[in-house]
Amino acid sequence: MLGACVEKPSTLERVKEDGVLRVITRNSPATYFQDRNGETGFEYELVQRFADDLGVKLQIETADNLDDLFNQLGQPNGPVLAAAGLVSSEQRKQQVRFSHPYLEVTPQIIYRNGKPRPTDAGDLVGKRILVLKGSSHAEQLAELKKQYPALQYEESDQVEVVDLLRMVDEGQIDLTLVDSNEVAMNQVYFPNVRVAFDLGDGRDQRWAVAAGEDTTACSTKSTNSSTRCTRTAPCNGSRTATTATWTCSAMSAPTPSPSTCSSACRATRTTSRPRPRRNRWTGACWRRSVTRSRCGRPRSPPRPACAG
């Protein structure tokens, strides 16, 4: 009888007891990567501050694609938290529970300079469009197809956002759909990439926990619930950085500092992922690596990891 009265420890209690916060993310400039100084990235710095706030170590795990990320998050012994620039949607709410928002982004249609600029959703018909498989952008296009049945697009789990921008830059595809923050971080590397128009209103990025988990990790309040900081802008100085409001009460997320918010403009170079794979869209063999640059002095974009 006494055993039945023992309450199951909450997710937050288990994290503190284990002394480790396991977080799954994507390997990309906007989330997590490794440079010559070690682990870094916008999401990484936020979850590192969260782990510090809890007094535990941070353990980062990377997923090969978004489907893999959600599947791992739902495993019994899987990671506790997903921090990967995720946007809430009705379909995803069936898989996970989302935190309070921490960054507003806008989905943008990307085209190649010198080509006719699309101005509305109807101009997407007849174009070669590629997006990340399982992404909120794929869900957007699926909804748009109900209005424009002739609209055609493809999804791939073999590419990342950097690959999509490169493919537009090189003319391998006509269009892609990418969030505004990732365009801002990467546009300097791809001189032919342009924003055609915003597809819909701004949306909030959030952290996520498995749907079956309790919500203690999502509802614990931080001592500093919100602040003002500088949003990252293109490192070529072509756009003035704007100010964004950050809601940091989600999952006790600590207040991000201006240095965290502008991490895209530091002089860094990533290390390659351990498993190169052939991109069936381009025929090239790539590691998912990203070359960073110092503000105003862009380096070349990522190069093939292997040949043949």
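Which residue with a positive phi follows H6? Select Gly 171: this residue comes after H6, and its phi is positive, near 80 degrees. Keep that spot in mind, as the tour comes back to H6.

**Before you click around**

You're looking at a predicted model, where local features need pLDDT of at least 70, side-chain atom pairs count only at pLDDT 80 or more, and totals for chains, interfaces and linings use all residues. Residues are numbered from 1 along each chain as its sequence is written, and side-chain values use heavy atoms, with hydrogens and water left out.

**The whole chain**

Switch to a cartoon view. The protein chain has nine helices and 17 strands; these are DSSP runs numbered from the N terminus, helices being H or I with at least four residues and strands E with at least two. Of its 308 residues, 50% count as buried (buried is under 20% relative accessible area, exposed over 50%, partly exposed in between, with a 1.4 Å probe and protein chains only). Take the contacts (heavy atoms within 4.5 Å) with a separation of 6 or more: 73% of them are between residues 24 or more positions apart.

**Stop 1: the nonpolar cores**

Now select Leu 21, Val 23, Val 47, Leu 58, Ile 60, Leu 81 and Trp 207. Among the 25 residues of the largest nonpolar core, these touch the most other members. (Such a core is a set of buried Ala, Val, Leu, Ile, Met, Phe, Trp, Tyr and Cys residues joined through side-chain atoms within 4.5 Å.) Helix H1 (11-18), strand S1 (20-25), H2, strand S4 (57-62), S5, strand S7 (103-105) and strand S13 (203-210) each bring at least two residues to this core. The top contributor is H2, with seven residues. Apart from this core there's another one, of 17 residues, including Val 161, Val 162, Val 178 and Val 183.

**Stop 2: helix H6**

Back to H6, then. Nine of its nine residues are buried.

**Stop 3: the largest cavity**

Rolling a probe the size of a water molecule over the atoms shows where empty space is left. Here, there are eight cavities of 30 Å³ or more. A cavity is a set of points, on a 1 Å grid over the protein atoms alone, where a 1.4 Å probe fits but cannot get out; lining residues have an atom within 4 Å of a point. Grid points are joined across faces, edges and corners, and a volume is the space filled by probe spheres set on the points.

The largest cavity holds about 200 Å³ of space. To find it, select Arg 26, Gly 85, His 137, Asp 179 and Glu 182, the closest to its centre of the 23 residues that line it. Helix H2 (42-54), strand S5 (81-87), helix H5 (136-147), helix H6 (161-169), strand S11 (176-179) and helix H7 (180-186) each give at least two residues to this lining, and S5 has the largest share, with four.

What is the lining of the largest cavity made of? Eleven of its residues are nonpolar, seven polar and five charged. (Ala, Val, Leu, Ile, Met, Phe, Trp, Tyr, Cys and Pro count as nonpolar, Asp, Glu, Lys and Arg as charged, and the others, Gly among them, as polar.)

**Stop 4**

Pick Ser 28 next, in the loop between S1 and S2. Ser 28 is buried, at 2% relative accessible area. Its side chain makes a polar contact of 2.7 Å with that of Thr 31 (that's a pair of N or O atoms within 3.5 Å; within protein, one must be able to donate a hydrogen and the other to accept it, and residues adjacent in sequence count only if both atoms are side-chain atoms). Leaving out neighbours within four places in sequence, Ser 28 touches Phe 33, Glu 160 and Glu 182.

Move on to Ser 136 in helix H5. Ser 136 is buried too, with 6% relative accessible area. Beyond residues up to four places away in sequence, Ser 136 touches Val 87, Arg 92 and Arg 203.

Then try Ser 156, in strand S10 (residues 154-156). The side chain of Ser 156 reaches the backbone nitrogen of Gln 158 at 3.0 Å.

**Last stop: Asn 192**

Finish in the loop between H7 and strand S12 (193-198), where Asn 192 lies. Is Asn 192 buried or partly exposed? With a relative accessible area of 22%, Asn 192 is partly exposed.

Notes. 1 Å grid on protein atoms, 1.4 Å probe; cavity = no way out; pocket = protein on both sides within 12 Å on 5 of 7 lines; lining within 4 Å.
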